[in-house]
Amino acid sequence: MRFLRLVAWLALLAVLAAAPLASAVAAAPNAEPPFIGSRNCRIEKPAPWGEGGRYAWLGACRGGFAHGDGALRNTLPDGSIDLWLGTVEHGRLRWGALRTSGGYVVGQWQNGAVVAIEDDIDLRNATVKAFRTAERAARKLSARMIAKGNAASGRFYRGVADELAKQTD
């Protein structure tokens, strides 16, 4: 009987010792970035964006997710704005450009980050496609803003589109 009680205690200790390990494995970073936004319009957060800031998707939503061309704005606590422009499918970033104070991060996006491309020609083609997709999104957004009577935002996004167009000249 003592032996069975000892075995039961050892089994309990093993389970208790393994619990932190199991929770550490469950809490391991996932390859997928978090989704942000309202419950009826979720969107993948670009991996380069850390914590903090206020996020806003400026584009269409379908089935509870951002979908189509648009812009994802991140207003940082210091008032600066990071901007992702491009196309989104079912809340997932697909092709576009992330504009930060340090420049652009462009390409095909997967799990919140740009897909690495080794071949120089493929990389150039992906870069051009991403800039053009971002430019198209900025022009559409500019037109939408102007149509809504927000001329200042329309001019801003037209300027962004012009800046993006120059990147592929």
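For the element names I use here, helices are DSSP runs of H or I with at least four residues and strands are DSSP runs of E with at least two, numbered from the N terminus. I keep in mind throughout that this is a predicted model.

Entry one, loops. I looked up His90 and found it in the loop that joins strand E5 (81–89) to strand E6 (92–100); although His90 is not a glycine, its phi is positive, at about 50 degrees. I then turned to Asn111, which sits in the loop between strand E7 (103–110) and strand E8 (113–114), and Asn111, not a glycine either, has a positive phi of about 55 degrees. I also checked the accessibility of Asn111, which is partly exposed with a relative accessible area of 26%.

Entry two, helices. How do the axes of helix H2 and helix H3 cross? I noted that the axes of H2 (residues 120–147) and H3 (residues 151–166) come within 8 Å and cross at roughly 165 degrees. Because angles over 145 degrees count as roughly antiparallel, I recorded H2 as roughly antiparallel to H3. The crossing of H2 past H3 is left-handed.

I listed the residues that make this contact, among them Phe131, Leu141 and Met145 of H2, and Tyr157, Val160 and Leu164 of H3. Charged residues also take part, including Glu135 and Arg139 of H2 and Arg158 and Asp162 of H3. Sorted by type, the residues of the contact of H2 with H3 are eleven nonpolar, three polar and four charged.

Notes: Residues are numbered from 1 along each chain as its sequence is written. This is a predicted model: local features need pLDDT of at least 70, side-chain atom pairs count only at pLDDT 80 or more; totals for chains, interfaces and linings use all residues. Side-chain values use heavy atoms; hydrogens and water are left out. Buried means under 20% relative accessible area, exposed over 50%, partly exposed in between (1.4 Å probe, protein chains only). Axes are lines fitted to C-alpha atoms, for helices over the stretch in contact, and angles run from 0 to 180 degrees between N-to-C directions. Angles under 35 degrees count as roughly parallel, over 145 as roughly antiparallel, 65 to 115 as roughly perpendicular and the rest as oblique. A crossing is left-handed if the near helix is turned anticlockwise from the far one by less than a right angle, and right-handed if clockwise. Contact means heavy atoms within 4.5 Å.
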